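Biologist: I would like to learn how to read the features of a model like this one. Could you take me through them in turn?

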Amino acid sequence: MREKRIGKIRHWILFFTVVIMAVLGVFTALQAEPEPRNVREKGSSVNQWDTGWHYQADDGTEKTCEVPSQIKIRGGKIILRQTIPEFPEEEKYLGFLNHYQQVEIYVDGVSRYRYMEQQTGTFHGMLGNNFCMTRLGREDAGKEITVIFSGFYREQLVQVPVICLDSRESMLLDIWVRECPRIIFCVVLLVLSAGMFLLWLLLRVREAVHVSSVFYAWIFILVSAVWILTDSKFMVFLSPWPRLICLISFYAFYMIPIPMLSFIGDVCQRRSAMLDWMKTILAGNVLVQSLVYLIGGRKLMQMLPITHILYVAAMICSVIYMVKELRSSKAQYARIFLGGVFFLIVMAVVSLVSFYTGVGSRYAMYYQLGLLGFVCALLRMTVRQVNEILEDRTGDRILEELAYMDIMTKLGNRSAYEMRLQELQETMTRGQELSAVMVDLNGLKKVNDTFGHRAGDEMIKGCARCLREAFCGFGEIYRIGGDEFLIFLKRLQSIRSWEKNLEEAQEKYNQEHEVKISIAAGIATGRKTGESDEWLHELIGRADRNMYENKKSSRK
């Protein structure tokens, strides 16, 4: 009961979270002005403008700024100045990758570029990864350029990115080249995700098996790929709305641990209140942060440390749970998966340290390495579990077939025949026609007495072979006794040809074998008359009588 209450709470939290996510996504897309999109073309290597920049420190002195760098400054704003050099081209572009910061660019006090929080509309600020770029003409040489960076989520800390002065095409090409490894990794994850989804769909539809672990693995890999893709600088080529991409990135990052915990619980096949509560807390975190952001209380970036803490808690819960499972079951899959989880935790810690202390955005690279190791362990786990399920299903199918199959003739046995009688009675409608053919093998006792029971068994197998050839495609054949067979026919248009087919199959067999066979058969056709099964037994009885009439005539 407690687990059901936890699950119900989590489902309602996820429902309201999805509604709020949709509202935020729509309003963010509608209110965010599209950034200018640029076409990627071939160009020269990028020229970094990393010298000559200076700024005023907190003590009032002018200091030289190294590019890139991370600077602590009162007020969280740094003003970089420099004189624009002369260049032979008609125009150049000043550009850099901005990471969640407000940016203003002035040339001799005239505004050339602004990327500010107030541009985002009604909701509290949302700034994503963006490529900031402004044109500088030959006439701007010798003028003072001012670049202002305002720390967006760390009030006392400003990151100065790599500043380039080159053609627009060269800078965009440089981004493309540097982001290619991440894009390739995302493509691999998306392909794996598609494969997991097809595997889950195949198992669900064809095998009638609901493998929750495959479903959770698909969701985890898909959400991880979405986060890595939306967090990459590559999105400046694909979307003119960096704020919307940023919002999607946040929600994808929030959701990553939930399917992972669900996968762990499903693989271990043992419910855990600890994991259930952790998933509920993670879902509640998404809901609460969405509400706080919606009412303008705090920025999502400012609340990100809370999510990181919950990430660590989720990892710790996963390790504790897996260690307990390993001790209790000594299962090999727990060792494999625990190794993947531990590697992901180590790389996630390195990623967090890089995020809070490093310059730039290398944190994603560390997380990708951890994710790669974890996905390898997850795939191995999934493949192993699916193999076990398929083996069990195959074993069950074989046992089921053996239970209803005659071993000697590979036809339906007496149990299958009794079950089919019940199905026909339940599924056939009043007035529907059915034909039954009763078959008996002539001279079996004489062959057993003369040539032995092995020869008699060969005769029974031969009779079954002839029946398969004669009724192939339109008859259901059952061995209901030692040398007795019964065939149900629903396709009545084929009844006329069955005697001829049976005679030809019998002649063909006798030409190939020394011990000849003789088959007596009788047919009866009737309609369902009521709810009782008396009509069905009467039909079979008439077919049996007609078979004995045929047997008598063959003796004469």
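Modeller: What follows is a set of questions and answers on this predicted model.

Biologist: Which residues does the UniProt annotation "transmembrane region" cover?

Modeller: According to the unreviewed UniProt entry, the annotation covers residues 12-30, 182-202, 209-229, 241-265, 277-296, 302-323, 335-359 and 365-383. The record can then be set beside the coordinates. Residues 182-202 are 100% helix and 0% strand, with end C-alpha atoms 30 Å apart. Residues 277-296 are 90% helix and 0% strand, and there the end C-alpha atoms are 28 Å apart.

Biologist: How is a pair of aromatic rings described?

Modeller: Such a pair is described by the distance of the centres and the angle of the planes. In this model, a search of the whole structure gives 15 aromatic pairs. One of them is Phe 215 with Tyr 216: the ring centres are 5.9 Å apart and the planes stand at 65 degrees, so this pair is edge-to-face. Phe 215 is partly exposed at 26% relative accessibility, and Tyr 216 is partly exposed with a relative accessible area of 26%.

Biologist: What are the distance and the angle for Tyr 251 and Tyr 254?

Modeller: The centres of Tyr 251 and Tyr 254 lie 5.9 Å apart with the planes at 80 degrees, so they too make an edge-to-face pair. Both residues sit in helix α5 (residues 242-255), 3 residues apart, which is about one helical turn. Tyr 251 and Tyr 254 are buried.

Biologist: Which residues form one aromatic cluster?

Modeller: Phe 197, Trp 200, Phe 215, Tyr 216 and Trp 218 form one such cluster.

Biologist: Let us turn to charged side chains. How many salt bridges does the count come to?

Modeller: A salt bridge is counted when a side-chain nitrogen of Lys or Arg is within 4 Å of a carboxyl oxygen of Asp or Glu. The count here is 19 salt bridges. Among them is Asp 140 with Lys 143, whose closest N and O atoms are 3.5 Å apart. Asp 140 is buried at 1% relative accessibility, while Lys 143 is partly exposed at 28%.

Biologist: Are Asp 276 and Lys 279 buried or exposed?

Modeller: Asp 276 and Lys 279 are both buried. Their side chains meet in a salt bridge at 3.8 Å, N to O. The two residues are 3 apart in helix α7 (residues 273-294), so about one helical turn separates them.

Biologist: Where do Lys 461 and Glu 458 lie?

Modeller: They lie in helix α13 (residues 453-470), 3 residues apart, about one turn of the helix. Lys 461 forms a salt bridge with Glu 458, and the closest N and O atoms are 3.9 Å apart. Lys 461 is partly exposed at 36% relative accessibility, and Glu 458 is partly exposed at 39%.

Biologist: What does the side chain of Asn 98 reach?

Modeller: The side chain of Asn 98 reaches the backbone oxygen of Gln 101 at 2.6 Å. Asn 98 is part of strand β5 (residues 91-99). Because the relative accessibility of Asn 98 is 0%, the residue counts as buried.

Biologist: Which residues form a nonpolar patch on the surface?

Modeller: Val 312, Ile 316 and Ile 320 form that patch, and together they have about 230 Å² of accessible area. Val 312 belongs to helix α8 (residues 300-329). Its relative accessible area is 37%, so Val 312 is partly exposed.

Biologist: The backbone remains. Which residues does a cis peptide bond join?

Modeller: A cis peptide bond joins Val 67 and Pro 68, with omega about 0 degrees. Pro 68 is in the loop between β2 (62-64) and β3 (69-72).

Biologist: What is phi of Asp 108?

Modeller: Phi of Asp 108 is near 50 degrees, a positive value in a residue other than glycine. Asp 108 is in the loop between β6 (101-107) and β7 (110-115) and is partly exposed, at 47% relative accessible area. Lys 410, also not a glycine, has a positive phi of about 65 degrees. Lys 410 is in the loop between α10 (363-403) and α11 (414-427), and at 54% relative accessibility Lys 410 counts as exposed.

Key: Residues are numbered from 1 along each chain as its sequence is written. This is a predicted model: local features need pLDDT of at least 70, side-chain atom pairs count only at pLDDT 80 or more; totals for chains, interfaces and linings use all residues. Side-chain values use heavy atoms; hydrogens and water are left out. UniProt positions are given in the numbering used here, feature names are shortened, and annotations may be inferred rather than shown by experiment. Helices (H or I, at least four residues) and strands (E, at least two) are DSSP runs, numbered from the N terminus. Buried means under 20% relative accessible area, exposed over 50%, partly exposed in between (1.4 Å probe, protein chains only). A polar contact is a pair of N or O atoms within 3.5 Å; within protein, one must be able to donate a hydrogen and the other to accept it, and residues adjacent in sequence count only if both atoms are side-chain atoms. Patches are made of residues with over 30% relative accessible area and no salt bridge: like charges are joined within 9 Å, nonpolar side chains (Val, Leu, Ile, Met, Phe, Trp, Tyr) within 5 Å. Accessible areas come from the Shrake-Rupley method with a 1.4 Å probe; for residues, only the protein chains shown count as cover. Rings of Phe, Tyr and Trp (its six-membered ring) pair if their centres lie within 6.5 Å; planes under 30 degrees apart count as stacked, over 60 as edge-to-face and the rest as tilted.
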